[in-house]
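Take a look at the structure below. The text after it walks through the structure one region at a time.

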Amino acid sequence: MHPFAYDRPNDLDAAIAAVAADPAASFVAGGTELLNWMKDGIRRPSLLIDLGGLSLAGIDETAGGGLRVGAMARMRDVAADPVVRARYPVLAEALLAGASPQVRNLATIGGNLLQRTRCPYFRETSFPCNKREPGSGCAARTGPHHLHAIFGASDACIAVHPSDLAVALLALDAVVVVRGRAGERRIPLDGFYLLPGDAPERETVLEHGEAIVAVELPAAPFAARSRYLKVRERASFAFALVSVAAALEMEDGVVRSARIALGSVAAKPWRAREAEEILVGRRLDGEAAAAAGRAAVAGAEPLPDTAYKVKLAERAVTRVLAEIGGWE
Amino acid sequence: MSAAIASETRAGGVGAPLPRLDGRSKTAGAARYVADEPVAGVVHAVLVPSPIARGRIVRLDRRAAVAAPGVLLVLTHENAPKLRRMRTFSRGGAALQAKPPLADDRIDYAGQPIALVVAETPQQARYAASLLVADYAEEPPRAVFDAAGPVVAPRAVMGDAPDHRRGDPNGALAGAEVRIERTYTTPFEHHNPIEPLTTTAVWEADGSLTVYESTQGASMTRLGVAQALGLPARKVRVVSRFVGGGFGCKGWYGGHVTLAAVAARKLGRPVKLPLTRAQMYTSVGYRPATIQRVALGANGDGTLTALIHHNASGGSSIGEWPEASTRFSKHAYAVPNFESRERIAALDLSVPSSMRAPGEAPGSFALESAMDELAVALGIDPIALRLRNDAAVDPDSGRPWTGRRLRECYELGAERFGWDRRSPTPRSMRDGRELVGWGTATAFFPSVTFPATAKARIHADGRVVVESAAADLGTGTLTIMTQIAADALGLPPERVAFELGDSRLSFTFPAGGSSMARSLGPAVRTASRAALRKVVDLAVRDRASLLLGAKPGEIEATDGALVVRGNPSRRDTLAAVLARAGTPHVEASGRYGFGAAAALMGPMMLGPRLGGALRKAISPLAAPHALGEFGAQFVEVRVDPDFGTVRVTRALGVFDVGTVLNPVTARSQAIGGIAWGIGMALLEKTDVHPALGKIASPNLSGYLLPSHADVPDVDALFLDQPDPAANPLGARGVGEIGIVGVAAAIANAVHHATGIRVRDLPITPDKLLG
């Protein structure tokens, strides 16, 4: 491991200034990802600024009837929060579908959003990887890649984002609140992540020195009727092959508004807008659910090893709608 | 003498469900594993692996690494001492590969050590290792194992010739009423014990060497160290008090041990070298991938007339390990016309090694899947098909089995599982949305007897110590050996201390091939009885003893005392007899398995031709019977028809292993084996990048082992009928039988649930999406 400095300031702006001043510095929250990157040689920060000394772990109701979840809130605590469970069930379900109890006890909401791909060639540093080492090539293109993308991939990178949380947040119209030296920015989750293009090393719109301080959930009419479905090879403690977060506003059996997001299919959580549009104004039944499933994958561009994910994603959308509709 | 020793089952004795004696220390974190050994003045080493799979090192720049803080030594092929070549498995030795580490600039596989860096702290060593600069002349690796690639015949397959035939298999197949001809494939898999290897090498002033090394056999590792360093074995001590799982990967000598010892000698300080999890994927072997062709010919009533099983396994260019998958088929069923063939591919990968039920695990997947396909083709119940072809004698040698109760396993299992409620048509059983499938398969493993020795000491102060250089891999060896000794000595188990895990103790072969209990158990019993006899002999000649003049054959040992049978007033204690004799202790040794070992090891060392002749010559003496464990596996799966996800919801194994020495530890072995089978069937696979020749996910994040949620309420039952022809304990092996047949039973259950036959493991959702 490379030598590094460590500090745990009590002041947010001081923490931000410290990271901003050193291009090789990094914030650290739960440490369940960053420390692995350091041990494996994926990242070599010169300075770690621990956000644990700040008051960023609160879960508070907002004036607008929404919820503000602090960046340092632990996955476990958010999943167990009664307001989250009642008003944003998809969020609690996604958190509990992720990681293991031990990891959830440590990992934070902000850190979860900034976890990086599980692409084995990114994780194992002796492989070429454009995301880890720009310009070195993509071993996934020429090697086994059944965990990889069906949407939004580029020649440079075909990796997918592994977060369950981000998929649920996308379906809840969440906003990521970030703070840097220039002050606070509010970034809709849908605009937070970047597709790889020719710069897969850049994964979010965060600038160096900006920290996630909170995630805000609006009081959306679709939030309470929401579900998360995760398809995985192993029954527990495994990343998704495909996942779906769906949230529906219903009136007399008819869909008024809908959010459908797919996970593990692209470098960002993938909003299935065509599927949403098909549902709006329609009675939620088996036919509507199947049509939404088909629409969700209409634009898929699978790779040789990921064709199965198209079927899986289609069926997962159909299934989660059936579960919300109550006939499954 | 045997009549002198009480042998009724007593509390904690053989057959009693005595809880694991080391369980508390392990769960409390008090057990001292190899990496926990405190060694004064120890310095820390790391291996630097090659990132390329094939080629040469053209430049190695050590300067920055050498100059890094705390660095004591950077060893590469340019400055390493010339090390000896090792005797490998295929030539009867203990090493995985003949070529020593850091021998030259040649790279034979990705992960091969190119340097050893030693520093004052582990962090300094890791940092310095990252500063080493190596340039390579890369060559395209041969890393793809497929049916079209070149294969060669191995020198030997577990001591046998690679090609084997009885009768006229091709003629019988051609004339069969029903034929099944299929190809089955299994992937490259890794052991993944939770404890990675750590070696600590300590040189003493007198030139002797102590190595702390997690090993399945301290005696064998000691011979490996001695051979590698050119030392007499008496100068080497190997200590391995606890082993955090082995599964075959800690049974062989690896070059990392040599490097730790060489560095320690050079520095004059103890050196500790842990292997990382990633290095565990390239340093201790693996189960190679297999491509198996099975052809079955049968009459309309299901009687097998021909069985052809050809296997090719993916191997290494620098060492030979055939995954002997056809051995299962050789013995499983009574079929007169049989052919097996084993081939290996020489790839640019590290050398494979034994992994739980080597050969039988993948081999049973192929044959037992094919048997299920035959049952479907014939419209016969899969259990009935297997019992129709049950083998009263070993079909290959014609020798009688010491015992084979396969029929009872199936009958008991079918009753417990409720097999008669199975509707045979695929996709006919459902639970809500989910498809339900029930599958079954035969388990068979030909466990071996290895040479084992033990010593027993009865002390005048009442202590009893029994010892052997055996290993307890978590299997329960410590506990059952204590039970065996306690029974033989007429003591409760808490009065017997069993010592193991140190090569200074009595020589014993490594734990492997389900050999330990059945080999060491008789040796422990012999040693214990012989020590007791020494006390009896003292007592009957002791004028101060109430036993004076008694016949040894009339004396029973019970609870630390000797008593004349039927006359409890004539009594004396072991401690008192020894004290009066002025003897601090008596000691005796026992041995077992040397004849059988010659039969096994001889052919390995001599090669199949001479070795086969030797085995034939001595087999009437060494092995009048054929011996193995048998079992019937039953599995229920639920398949989500939309997602193709398979979850095992019930598993039951019924096993015929002879006497069950301890039902708690035996059950633990069996259900652990079934859990392994679930992983093999549904999850486990090591991906290799075809162009780069490197393992894609050498870690527990990418290599999926079953979680608790994947392993249902597994049940394991034992017939628990002593098998007196097997050995003096009536016991066979339990270590490997649990996994055998599980993957096939699951594949068969998946077929029953879905109508889809998956012949390529693991059975992942993409294969069932339709």
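Predicted model: local features only at pLDDT ≥ 70, side-chain atom pairs only at ≥ 80, totals over all residues.

Start inside chain B. The largest nonpolar core holds 90 residues. Which of them touch the most other members? They are B:Leu296, B:Val637, B:Ile746 and B:Ile763.

Take B:Ile746 as a way in. Set aside its neighbours within four places in sequence.

B:Leu223, B:Phe507 and B:Phe594 make a nonpolar patch of about 230 Å². B:Phe507 sits in a loop of chain B, between strand 20 (496-499) and helix 13 (516-540). Is B:Phe507 buried or partly exposed? Its relative accessible area is 31%, so B:Phe507 counts as partly exposed; buried would mean under 20%.

B:Ser90 lies between strand 3 (71-76) and strand 4 (106-107). Why does B:Ser90 count as buried? Because its relative accessibility is 13%, and the cut-off for buried is under 20%. B:Ser90 and B:Trp321 are 231 residues apart along the chain. Their C-alpha atoms are separated by 7.2 Å.

Chain A comes next. Helix 5 of chain A spans residues 89-97 and is mostly covered. Seven of its nine residues are buried. They are A:Pro89, A:Val90, A:Leu91, A:Ala92, A:Ala94, A:Leu95 and A:Ala97. After the helix comes A:Ala99. The phi of A:Ala99 is positive, near 55 degrees.

Chain A also has an open sheet of four strands. Their order is 9-10-11-12, and the pairing is antiparallel. Strand 9 (226-231) and strand 12 (270-271) stand at the edges. Each has a single partner strand, so one side of each is left without a neighbour in the sheet. Strands of a sheet pair through backbone hydrogen bonds.

Two bridges join strand 11 (residues 254-263) of chain A to strand 12. The two strands run antiparallel. Which residue of strand 12 is the bridge partner of A:Leu262? It is A:Trp270.

Definitions and conventions: Residues numbered from 1 in each chain as written. Chains lettered and ligands numbered in written order. Heavy atoms only, no water. Core = buried A, V, L, I, M, F, W, Y, C linked by side-chain atoms within 4.5 Å. Buried < 20%, exposed > 50% of the residue type's maximum accessible area, 1.4 Å probe, protein only. Contact = heavy atoms within 4.5 Å. Patch = residues over 30% accessible without salt bridge, like charges linked within 9 Å, V, L, I, M, F, W, Y side chains within 5 Å. Areas by Shrake-Rupley, 256 points an atom, 1.4 Å probe, with all protein chains shown as cover. Salt bridge = Lys/Arg side-chain N within 4 Å of Asp/Glu carboxyl O. Pairing = 2+ DSSP bridges.
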